[in-house]
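User: I am new to this structure and would like to learn how to read its strands, sheets and helix contacts. Could you guide me through some examples?

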Amino acid sequence: MSELIVEPAHELRADGTDPVEDLPPQTLPLDAWHRAKGGRMVPFAGYVMPVQYDGIMAEHLWTRSSAGLFDVSHMGQLLIHGQGATAALEVLLPGDLAILKPAKMRYSLLLADNGGILDDLMVTRLGEAQPFGEVEGEAFYMVVNGATKYDDIAHLREHLPDDITLNHLDERALLAVQGPQAVDALDRIVPGVSALTFMTAGAFDWQGHALWISRSGYTGEDGYEISLPAEAAEAFADAIAAEPEVKPIGLGARDSLRLEAGLPLYGHDLDPETTPVAADLGFALSKRRREEGGFPGSQRILAERAEGPATKRIGLIVEGRQPVREGAEVIDPQGTVVGRVTSGGFAPSVQAPIAMAYCPPALAESGVVTLRQRGKLHQARVVPMPFVPHRYVR
């Protein structure tokens, strides 16, 4: 998940410019830590964040073979609670939250009235756990994308009933430990996390600090996301990075890892003009909700499920060694532009250029498409995603 503000919730200037864009990037709780570790810092999603430490290729392969530490504190952490919170959220999300058990989480979508995707997110029912302080009624923990979080908060507050409370947990950091050896490293620091399975979470204590840890992530690997007080982030990062399996990993490898895993990136592969059906995210539409509807854009979305979308997200392996980047055109045999690449790059684990693109389903079914980037043509083969098998522990 990440990263593009598309419809500001705040007011624009009279000339249409966005005053937020003039603000200096914010720093994360671990800003000094990243710099001390040699992180190359860049602006991203309104923050200054590390793009790499030892190099994107090396960091990518280290995560696939061992464990990488990612700082994702720019993401929005929200606490939504109150009597009737389940029903209230089901008005906005297409998931079946009524059957979601405590400490279980789901991938879901914040949808516009036309069925377009405003953001993708993770939502967890807290149950009796109170990792963020005592609350009454039904409670959910939600993680939304960093660059959309303020618009998401405004949208939720506008559409949730007045008796449902939304707290922005902006005094907490969010770290991720990803890779096949993440469980070994983290379980030494926080005993008991190995008992969690994919898409489950639990409350833990570390040196007197309340942690909320889920077995989840966005790399396709086994791993964890750890919500913790910002003031504890540096000490915790020191502790986990001292484990021999763990190295800090930057934004560059985070992007190549999620691309290999076939996971869409908001603002690139997902946007308000794209429906869940076109994005191949039908699994986020729970069975009951598909039958009953009642979520934003449900009429359009369910019609697309029945009749097929005009365009669909596909995975591509590009011939040769030259990566094809976002914005490259998909052209049909007659030379007409019928789609575009939304993510692309060289895949270290595949040892080939890969991409995601949108194009008409009939063209995708042909098995081969032509891409045009800066006037140069590239042949690409349509393949199932993920490009690299997921290794979740279920």
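Predicted model: local features only at pLDDT ≥ 70, side-chain atom pairs only at ≥ 80, totals over all residues.

User: In what order do the strands of the open sheet of 5 strands lie?

Analyst: Two strands pair if there are at least two bridges between them. In this case, the order is 6-7-8-5-9, and the pairing is antiparallel. From one strand to the next, the twist averages 30°.

User: Which are the edge strands?

Analyst: An edge strand pairs on one side only; here this applies to strand 6 (105-111) and strand 9 (165-168).

User: How many bridges link strand 7 and strand 8?

Analyst: Strand 7 (residues 117-125) is joined to strand 8 (residues 138-144) by 5 bridges, in the antiparallel sense. As an example to locate in the view, methionine 122 has valine 143 of strand 8 as its bridge partner.

User: Which helix packs on the sheet?

Analyst: That is helix 4 (residues 149-159), which touches strand 5 (76-82), strand 6, strand 7, strand 8 and strand 9. The direction of helix 4 makes about 165° with that of strand 9.

User: Let us turn to the hairpin. How many residues lie between strand 19 and strand 20?

Analyst: There are 2 residues between these strands, and arginine 374 in the turn has a positive phi of about 50°. Strand 19 and strand 20 (residues 376-383) run antiparallel and are joined by 6 bridges. Within this pairing, valine 368 is placed opposite arginine 381 of strand 20.

User: Which residue of strand 19 is the bridge partner of isoleucine 331?

Analyst: The partner is threonine 370. Strand 16 (residues 329-331) and strand 19 (residues 368-373) are antiparallel, with 3 bridges joining them.

User: At what angle do the axes of helix 5 and helix 6 cross?

Analyst: The axes of helix 5 (residues 182-189) and helix 6 (residues 233-241) cross at roughly 125° and come within 9 Å. An angle over 145 degrees would count as roughly antiparallel, and 65 to 115 as roughly perpendicular. The two helices are therefore oblique to each other. The crossing of helix 5 past helix 6 is right-handed.

User: Which residues make the contact?

Analyst: Helix 5 contributes Ala185, Leu186 and Ile189, while helix 6 contributes Phe236, Ala239 and Ile240. Sorted by class, this contact of helix 5 with helix 6 comprises 6 nonpolar residues, no polar residues and no charged residues.

Notes. Residues numbered from 1 in each chain as written. Heavy atoms only, no water. Helix = DSSP H or I, 4+ residues; strand = E, 2+ residues; numbered from the N terminus. Axes fitted to C-alpha atoms, helices over the stretch in contact; angles between N-to-C directions. Parallel < 35°, antiparallel > 145°, perpendicular 65-115°, else oblique. Left-handed = near helix turned anticlockwise from the far one by under 90°. Contact = heavy atoms within 4.5 Å. Nonpolar A, V, L, I, M, F, W, Y, C, P; charged D, E, K, R; others polar.
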